[in-house]
Amino acid sequence: MPRWLTKTGVWILGAVAVLVLAAWLVLAIPMFSDFRRSIVESVLSDQIGQALVVNDDVRIVLGQTSRIHVSGVEIPSVNVPDTALAELNMLEFDLDLMALLGGAIDLDNLTVDGLQVNMVTLEDGTDSWTSAASVQTDPPSGTVEPEGATPAQEGAAEADGGTSETGDAPPAEAGTSEDGGGILAFLGERTASFTSIGWTIDNQATGFSFVFDLTNLDLARFEEGEGVSLVGKGTLNGQTFQIDGNYPRGAPFTTKASFGSMALSFDGQPIEPDAGGGFSGRFDLDAGQFGDLLEGIGLQRTLEGQGQLKADLTNQAGQLKVENLDISIGLEKGQLVEVTGSIDDLFAGTGFDVSIDGRFHPEGAPPPRARGLKDLALMGLHAHIVSQAKELEFEELTITTNLFDQGLNNIGPISIGRVRRSPEGELAFENMRLQAGPLDAPYVVATGSIGDILQLRKLAFEGTLAASASLILGDLGDDVAAAFGGVEAEFAIDDSAGHLSLSKLDATTVDTNLWSLAMRVVFTNMADLDGFEFDFDLDIPDGAGFLAALDLNEIDAGAMEVTASARGGGQKLAVTAGTLVGKSRLDAGLEMNVAGDEPTIRGGITSDLVNIRDLKNAAAYLVQLGSLEERQPKVQPLVMPKPEPQPLVLPKPEPQPLVLPKSEGDEAYRFKLDDLLTDLKIVLDIKEIVGEQGVSSVSSDFTIQDGKAQLGPLEVAYGGGYFNVSAGMDLVETPDRLSISGATGGWDFGDILDSIGLGIEAHGTLQGKFDVAGNSRSIDAFINSMSGSATISMSRGNISTSLLELAGLGIFRWLFSEERSQKFTDIVCVVAPVRIDPGKISSSSIVVETEKVQLVATGAVDWRNNSIALRAEPRPVGRPLSRSAWPFDVTGKLSEPEFKLDIGGSRPAWNERRGDMPSDRTPCTPDIRQLE
């Protein structure tokens, strides 16, 4: 061999050795560490579409497939300074040098140890994972499908939490490059193994934080690269977490995961590109113990129970469609909530058509009926929610409580600015806006927040009300409604003090001169008196004009005014009220102190002047207003027919009024009056009543003390007559029994005959006294159960007839009587004592006596059995043993009585007592009883 050839070979071998040594030195010795780092940083940054920094060393084991070892890797955030999107201790991967020489970079068999991923969203919505090249305007929350992503990549996106309920964008967006790739697209084509993984999702805008601590996460590529599998386990927010997914290319895929006691699965399949791409599948979630789930996502453990969620999901063109939604939540105490429906796009919050049915008590065990606001409990809820644009509207809303049912419509739209977890672990709805009424002209608009939606507390809303009179008078015509203008109000409610408060309500009428209303309400505690303020002033300048505007008969009542004011502080309440009709005014005042076992109430109703004409006008006025409801159907824009009972909810009881009806024979209706016992005194004092001859005044007291209620004496002077009545009730021992006693007098006998239409001229002053008791449940019950006694009497009167003399004296004596010639009879006296028993009145001696005749009647009237039996026998005064010339009987049915005249008269029975009349005979006492 030529020497030069040998030398050339040696030089070539030496050069190769030098090159290999140089390459080894470049790849191995620390001097070239920066060079190695820069190359690896550039290659990996291009591959993942995100800037990557190597802080430590890069070591390479050369071979046809070289093994690259990288330590101290960091992926900084583009948008959030001083925040690393990802950090890892060690990264190893295989690099195909032959492919690299051909210009292609082929990385595979990645091994990652000590990975920490930080996905941070700031208050303003800026996130740590979106690259500057991929920032979009108003990106939808949830999974964003990379352009050209394979089903395996889509499955991986789903597995990585693409349907996060918190609205956090999933890792599918992390590192999205300009060509539509990204970290997940990069990993979806390779086999990877992860150990000691930390993944923190911290959304400062919503307050939710999810901390994954995974011991391992393996991403394995199927043979021939036809998809990947994902297996991982560890903890999430301290609770056990596992995930297992298989994502074959172009074929159905599955994802199964567990989190504490919660288990979820998603079985899906890709959608062909010519059908729009994306994927669809069935999502199933078993929430396990509801309290565990709440704790797991960082919320307070305020609810216990179990829940399930099922839905068909379709992710396509950046939209997530939800169909066949079925959510069932059964709480520990027997409450049950079901949600069904569909959502066109969950990401955008549009196309809602969802029904909610709730039963908030154990099945078959509703809460007892409420006796007041403190006892009020929510029993059931039915709602049909639809969306208008991005806002929600209640197409139906029925709330059932133990006090009343209420159906509502025209509620909405309702928008929620954001859903947020508070630092205290409460789920809050913030920046809410709701309205009621027509969409183009709502009459209620409110904004605010709910600080704890799971317990429905920490409420704070303020808003306005602007309603025209057409809301309640629309059926009377537009012209009528327009004349009455409208009402405007500002209000604010909150429960910051631990109870619901109406901190402001100011209302006034506008655009009308027919009436003027001003009202102000402050209710610091809606279940108590503390901080209660109320002012009300209603003025009607022209009562007749007001009725004329309503197309009613005019009543010239003059000016009318109603005022009221109330103040509550601590356990005291002071109320004043006044009414003006024409020239008559009534004022009332009341002071109540509920401290102690027996509250005290003091009050009075006073007036300097009441005109009977004004009272009549006021009564006629109310009658005219009441005729509106007879002429027009009652307009209730907030009330709608209740929907048919939902299968979830028990059949609803009959709607309960605010005051519950009393049941026959049910002791429960006798609500515990001893709980309401108080020391009460109300004084009535009307100094002067004018407008009718003889009317003067009214005065009385109403008291309750030591469990006994007493009204009176009620003294009324009217038309020359008077009443003096007292009523009493034992609220503890016999709360259903009312006793009434008193006297009356000064009533002209002739006026009474005229009032009942007999047309007989008469004179005389009637007197009476009574003492009865009966059931207080109603007027009918009192009349049919009362018992006691009463007496009516009259003295020194006359009547323009002599028939009484004819009946007692006989025809011949009557023909020559003075009464016949003067055509009237002087009445010495009338005494009618009666015994009152339930449903029956009886008497053994009703006496009507003239100067010459004494008529004695006996018998009974039984209105419950519709019967009457009366016997009347007139005789000459002082001769009880003589024949009664014309006695008569009234018998038969009370509704159809039979009158029978005893022709020929009658004498006393043989066993009647016989003797002489005393010299000092007593008038109006049956003569037969006065015989000696």
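Select Ala 762 first, then Ile 799: in E40, Ile 799 is the bridge partner of Ala 762. The model is predicted, so local features need pLDDT of at least 70, side-chain atom pairs count only at pLDDT 80 or more, and totals for chains, interfaces and linings use all residues. Residues are numbered from 1 along each chain as its sequence is written, and side-chain values use heavy atoms, with hydrogens and water left out.

Strand E39 covers residues 762–775 and strand E40 covers residues 787–799. They pair in the antiparallel sense over 11 bridges. Strands pair if DSSP finds at least two bridges between them. A strand (E) is a DSSP run of at least two residues, numbered from the N terminus.

Select Gly 788 and look across to E41: Ile 836 stands opposite.

Move to Phe 210. Strand E7, residues 208–221, holds this residue. Is Phe 210 buried or exposed? Phe 210 is buried, at a relative accessible area of 10%. Buried means under 20% relative accessible area, exposed over 50%, partly exposed in between (1.4 Å probe, protein chains only).

Last stop: Leu 230. Find it in strand E8, residues 227–236. Leu 230 counts as buried because its relative accessibility is 6%. Leu 230 and Leu 217 are 13 residues apart in sequence, and their C-alpha atoms are 7.2 Å apart in space.

Conventions
Helices (H or I, at least four residues) and strands (E, at least two) are DSSP runs, numbered from the N terminus.
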